[in-house]
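Dear colleague,

Please find below the structure that I am handing over to you. My findings follow directly after it, and I would be grateful if you could read them with the model open.

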Amino acid sequence: MAEDLVDKVINFFSGDSEKMSDKEVILKQRLKELGENKYVKFYRLKTDEADPSLAQFFYSLYKMILPVRTFMKDTAKITRLRQLVLEAYLDASIVDLIKRLRPSEIEERSKNTPPKELTAEIRADIEALTEKFDSGRINGVNRCHNLVMVVFQFVMFDYPALLKYFDQNFTEGPFGGDAKFSQVKASVIAKSVGEFLAVSQNINPDSDWKTLIKLLRLCAGEELVSDNQFAQLLLGLRDIVNSKVLELIVQCGSMNPIWTCKPRIPDEHIAEAWLESKIDKAQECIDKINTGEKNKQISALLKEIFYGGDLQRLDYYTVARNDSLRKKELAEFAYAEGLNYLSVFLSEYVEKDIHELCDILLIRGQWTNNSFSKEMSEAFHQMLAMPSVISQLDETLSDEGSNGSRLKAALLRVDRDRTQARYIESIINDVDDSALELLNTAVGHLTVIDKHLKNLGDDVQKKHPELIINWRELNSVSKVPLLQQMAENHGRLSSFIQLLQLCMQ
């Protein structure tokens with residue numbers, strides 16, 4: 001298309017055009033267009049200078065928008081204006097939902113509402129908010145906010161710097177008297193005029209300026225610019241921009257006849273961000289409630305399973321190490337608590353009480369179905385092999401271990417090189433994956449053992465047992481009645497499986 005334009009321009013001119021370069025030909029055409037423009041007064045063709053009347057145009061804009069410019073320099077007021085834009089699209093039902101989802105309100109509700117019921121209510125409120133604050137409202141908020149940003153760009157353009165080219169003594173308002181402008185070379189102001197075009201292209205008279213001016217008035221507590229003044233500004237500005245005179249001045253002043261304006265079009269999505277923040281805060285409350293309930297359940301199960309005592313077995317893959325990682329805002333060991341409890345359970349119960357019980361049931365018991373005894377035996381022996389695997393995983397995090405040495409080196413560098421955080425996260429994720437696999441494996445094997453203990457507990461009470469036929473003999477070699485022993489271990493296993501499942505959430 002550029003080549004076609006050049007050809008047309010070259011053909012348009014007479015013979016001496018053939019001696020000119022393509023650029024010179026098009027520049028000549030631009031100057032011709034300037035001479036025929038309705039706002040030709042802005043440009044002195046003979047001297048390639050911008051006329052003082054162009055400065056007067058920018059000066060009149062500047063005087064009109066100065067109150068808005070001063071207002072928008074205040075970050076707090078802009079923040080308040082953004083909030084007013086949002087509030088303009090909220091009805092009473094949405095406001096009520098927002099209040100209900102405030103952390104302080106949720107905290108108050110938690111005093112009289114059971115946790116499970118409260119989380120269900122919060123989720124219902126989130127769903128209702130998402131439904132009510134729909135795409136129509138979202139688009140309306142974003143449209144209005146981006147209109148604010150269009151005005152922000154427009155009023156924050158550096159008018160004083162541009163006007164200083166025409167009057168070296170010009171200072172930013174308030175104004176003490178009339179400015180005295182002189183002509184200036186177009187090449188000097190070309191860049192500034194181009195920047196003005198970039199921020200004024202979106203000042204469209206058809207936009208909802210009345211709503212914006214109303215919000216400005218509400219936020220400022222006074223009238224910054226009247227509706228009539230702004231309407232006149234819009235029409236005058238649009239007429240000048242549409243005439244292309246400013247674009248031609250930039251092209252001729254910069255000696256770049258194919259220069260085109262690249263408008264700065266704000267496209268911020270504050271509505272989605274606002275909605276997401278409300279939902280995230282509500283979800284944090286749900287997570288806090290769930291975590292509190294989870295910790296209560298874990299605490300109760302620990303008392304039921306272990307009866308107190310020292311519950312710390314692992315040396316390196318520990319909850320305690322998470323404190324130092326958290327302070328550096330790094331990934332934490334996700335399954336340290338669960339893996340530690342598993343280590344304790346294996347040494348305190350599986351290798352002792354359950355081992356003793358399984359020796360009686362699996363070695364001395366006469367099973368009617370060998371596949372059942374084989375399944376239980378396999379699960380039990382897999383559990384006996386787990387302590388060494390857990391210990392090996394823990395040891396990898398020692399200073400001399402494959403993971404620990406790398407982790408230690410990265411932690412020494414992470415404060416001055418945050419890219420190390422990703423490396424640390426990858427190490428921790430790998431260890432977590434291994435720990436989670438061990439926990440899932442343990443749950444699987446313990447569930448098998450627990451299932452058989454329950455079934456055997458039912459079987460021993462039958463008049464005609466179906467699973468083991470020598471219960472009387474087995475009871476004679478047991479220190480504690482087998483029914484009691486199986487019931488106690490079944491209960492402990494069931495509780496411990498629940499504990500591991502909670503720790504894996």
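Arginine 30 is buried, since its relative accessible area of 10% falls under the 20% limit. Please note that this is a predicted model. The side chain of arginine 30 forms a salt bridge with glutamate 33, with 3.5 Å between the closest N and O atoms. Both residues belong to helix 2, which covers residues 22-36, and they lie three residues apart, about one turn of the helix. Glutamate 33 is partly exposed, with a relative accessible area of 28%.

How many salt bridges does a search of the whole structure find? The search gives 23.

Another of these joins lysine 38 to aspartate 239, at an N to O distance of 3.1 Å. The two partners come from distant parts of the chain, 201 residues apart: lysine 38 sits in the loop between helix 2 and strand 1 (43-44), and aspartate 239 in helix 12 (residues 227-242). Lysine 38 is exposed because its relative accessible area is 59%, above the 50% limit. Aspartate 239, at 30%, is partly exposed.

A further salt bridge connects the side chains of arginine 44 and aspartate 51, with N and O 2.9 Å apart. Arginine 44 is partly exposed at 32% relative accessible area, whereas aspartate 51 is buried at 15%.

Which residues make up the patch of negative charge? They are Glu276, Asp280, Glu284 and Asp287. Glutamate 276 belongs to helix 14, which spans residues 270-306. With 49% relative accessibility, glutamate 276 counts as partly exposed, because a residue must be over 50% to be called exposed.

Two backbone positions deserve a look. Aspartate 48 has a phi near 55 degrees, which is a positive value in a residue other than glycine. Its place is the loop between strand 1 and strand 2 (49-50), and aspartate 48 is partly exposed, with 36% relative accessibility. Glutamate 329, likewise not a glycine, has a positive phi of about 55 degrees. Glutamate 329 lies in the loop between helix 15 (320-327) and helix 16. Is glutamate 329 buried or exposed? Its relative accessible area is 71%, so glutamate 329 is exposed.

Finally, I turn to asparagine 340, which is located in helix 16 (residues 336-364). Asparagine 340 is buried, because its relative accessible area is 6% and the limit for a buried residue is 20%. Which residues does asparagine 340 contact, leaving aside its neighbours within four places in sequence? With those neighbours set aside, its contacts are Leu311, Gln312, Arg313 and Leu314. As for distance across the model, the C-alpha atom of asparagine 340 is separated by 86 Å from that of threonine 47, and the two residues are 293 apart along the chain.

Yours sincerely

Definitions and conventions. Residues numbered from 1 in each chain as written. Predicted model: local features only at pLDDT ≥ 70, side-chain atom pairs only at ≥ 80, totals over all residues. Heavy atoms only, no water. Patch = residues over 30% accessible without salt bridge, like charges linked within 9 Å, V, L, I, M, F, W, Y side chains within 5 Å. Areas by Shrake-Rupley, 256 points an atom, 1.4 Å probe, with all protein chains shown as cover. Salt bridge = Lys/Arg side-chain N within 4 Å of Asp/Glu carboxyl O. Lys, Arg positive; Asp, Glu negative; His and termini not counted. Charge placed at Lys NZ, Arg CZ, Asp CG, Glu CD. Helix = DSSP H or I, 4+ residues; strand = E, 2+ residues; numbered from the N terminus. Buried < 20%, exposed > 50% of the residue type's maximum accessible area, 1.4 Å probe, protein only. Contact = heavy atoms within 4.5 Å.
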